[in-house]
Amino acid sequence: MVDFDERIPIYLQIMDLIKKKIIKGDLKGGDKLSSVRELAVELKVNPNTVQRVYQELEREGIIVIVRGTGAFVVSDEKKLKEIKESLAGERIKNFIKEMKEINLSKEDLDLLLSKYWEEVN
Amino acid sequence: MGVLEIKGLYKYYGKKCALKNVNLTGDFGEIVGLFGPNGSGKTTLLKLIVGFLRPSSGSIRVDGKDIDHNTRAIVSFLPDNNLLPSWMTIKDAFNFYKDFFPGFEEKRFKDLIDYFNLSMNRKVKELSKGEQEKVCLSLTISRKAKIYLLDEPLGGIDPASRERILTGILKNYREDSLMIISTHLISDVESIADRVIFISQGEILLNEKTEKIREEKKMSVDELFRKTF
Amino acid sequence: MINLLKYGILGKKKYYFTLFLSTIGVYIILFMGQYYFKNISPEFAFAISFLFMLVSLILNIIFNIMSLDTEDIRYLYYSVPINPKCIYLRRMLMGLFETFFIFLLNMLFMTMIIQFLNPIFKDQLINYLQRGGIFTLLIFVLAMEWIIIIFSTFVIASNLPSEKDILRYLLNVMTILYLLFNNALRSMLSRIFPYNISLHMPQFNYENIVTSSLRYNINLPKINVNIASTIFYILTFIFFLVLNSYLFEKYIEIK
């Protein structure tokens, strides 16, 4: 189903996956996440990895773990917006780094962005 | 204290040293990948843990106790060649396990057999290699044990069946037991392993958490393995 | 142990069936031979049945000893949390049961066929058994078991871990020496301790029975049994059984 890049810690990739789902709206505020075991089987990863993912997400304030019931996405709109921005922010930073490596100026970048924005998807 | 403790383990076959100064621990809830080239001592190590072979020196303790025939009640071993005599049907094997292993989980086994699309009255000698593996795996992990040792559970099996087997293993994960999977199909197994052990010529080269390897070395376990060997 | 026996027997269903059928087959052939050719003497019938029984027994012994190597010292039974010496003892028990089974089966059919040829055979046989013949037969069965136990030592020696070379060598040498010299030892013992018991144990003289008539040969006089040599026999029987069980429990490795 999902193919993970095994050169990068898998737990980070799963965290990304969940964050993306939240941003896209597949997972809405207040939704219950799959149990650790179910998700592990679905993604074909070690349950401890999923456990760690949920713990990290809870630490970041994105989900809440209710003992005995499960993990839930937070309902806080502001928090969700934060996540979106930070996720986008990470990627944009990486992207800018790559563009700087090929010596692209900000003006050229703006032009290219406008040109290709419509083309994609 | 972990469920498995190995200290200073050596195993000789005559003059040949199969295992040299192995020190390992294993905890409940872990899935450990034991990776090494052929002849590196993987199978020897597993057989020592279950008690089929006896250490030349050093100690192995399972659940705090030395190894004797009672250890086999809490260690479940899946060998890499066929476990079952050819006269048996799957049902015979089921009955055998039910009779000899206290706490054998009948429903779990039946569910697994269904999941693998097999039926109870098939004869062992009529099964393909992949199907035999699935039956033996189902028997092994339906036992209620503290340590599960799987020796090359994916060897010689088509990719589709391999995935099914791995999912079967994951579905039956137990938090209160340790699982050690030895294989050279590392890329299949690395995403389900918490911890990874590299063994070569009887010596442990690496014993590390999987994610730590990815963070620190920025490569997959498979790549690291190829680099090392 | 009961479970072990259950699966041991289940596993040999085919073998037992084949054995049963071939035994019946031999006797049917004998019977038809008599029916159509009418020239089979009771002695000949007896000789054939006895020979067949002997062959079955010897083959059975060989199969049991071999299966110790090919079936018992293997992953499945060793994975079970029982003392490994039970695995060994199970094989010995099965050998004993099978010997009895072959023996009784053959005797049953033998009696039926020979009775047909020599109507007083049944009474002669019962007479023989009552006069102590039953002990002779029992000893015969135990002797077969003795063979299984002694030869299983070789199998066990070959499955010892590779460090135990000395032990393996000692075992093989000891067993071979015992096989070669046990008779001489026993006669020596009976000369040193010439205390005998008179037993109603008619000797079973196969030669005589075949060459002369059955009627006269199932009535042989009783013999004297030397106590010392009998004790020696019993002790070594027990010794090998205990030794092999111990080795099986402590030293066998599954490679």
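Two residues are in contact if their C-beta atoms, placed from the backbone, lie within 7 Å. Keep that in mind for Leu149(B). Not counting residues up to four places away in sequence, Leu149(B) touches Leu46(B), Ile49(B), Val50(B), Val75(B), Phe77(B), Leu78(B) and Ile180(B).

Some housekeeping. This is a predicted model: local features need pLDDT of at least 70, side-chain atom pairs count only at pLDDT 80 or more, and totals for chains, interfaces and linings use all residues. Residues are numbered from 1 along each chain as its sequence is written, while chains are lettered from A and ligands numbered from 1 in the order in which they are written.

Now the sheet in chain B. Helices (H or I, at least four residues) and strands (E, at least two) are DSSP runs, numbered from the N terminus. Two strands pair if DSSP finds at least two bridges between them. The sheet is open and has 6 strands, in the order β6-β7-β8-β3-β9-β10 of chain B, with mixed pairing. Its edges are β6 (75-78) and β10 (203-209) of chain B, each pairing on one side only. From one strand to the next, the twist averages 15°. Axes here are lines fitted to C-alpha atoms, for helices over the stretch in contact, and angles run from 0 to 180 degrees between N-to-C directions.

What packs on this sheet? Helix α1 of chain B, residues 42-50, does. The helix touches β3 (31-35), β6, β7, β8 (178-183) and β9 (195-200) of chain B. Its direction makes about 150° with that of β7(B).

β6(B) and β7(B), residues 147-151, run parallel and are joined by 4 bridges. Val75(B) has Ile147(B) as its bridge partner in β7(B).

Is α1(B) buried or exposed? A residue is buried if 20 or more other C-beta atoms lie within 10 Å of its own, exposed if 12 or fewer, and partly exposed in between, with C-beta atoms placed from the backbone. In α1(B), 9 of the 9 residues are buried, so the helix is largely enclosed by the rest of the structure. Both Lys42(B) and Lys47(B) are among those buried residues. Just after the helix, Gly51(B) takes a positive phi of about 95°.

On to the cores. A nonpolar core is a set of buried Ala, Val, Leu, Ile, Met, Phe, Trp, Tyr and Cys residues joined through C-beta atoms within 7 Å. The largest has 117 residues. Ile49(B), Ala93(B), Ile147(B) and Leu149(B) have the most contacts inside it. Helix α6 of chain C, residues 121-158, gives the most to this core, with 7 residues. Apart from it lies another core, of 11 residues, including Leu30(C) and Phe109(C).

Next, the chain pairs. Chains A and C have no contact, and their closest C-alpha atoms lie 27 Å apart. Between C and B, 18 residues of chain C are in contact with 20 residues of chain B. On the chain C side, α1 (2-11) and α4 (75-78) are the elements that give two or more residues.

Last, chain A. Its secondary structure comes to 5 helices and 2 strands, in the pattern α-α-α-β-β-α-α along the sequence. The radius of gyration, taken over C-alpha atoms, is set against a globule rule of 2.2 Å times the number of residues to the power 0.38. For chain A the radius is 17 Å, well over the 14 Å that the rule gives for 121 residues, so chain A is more spread out than a compact globule. Of those 121 residues, 25% count as buried.
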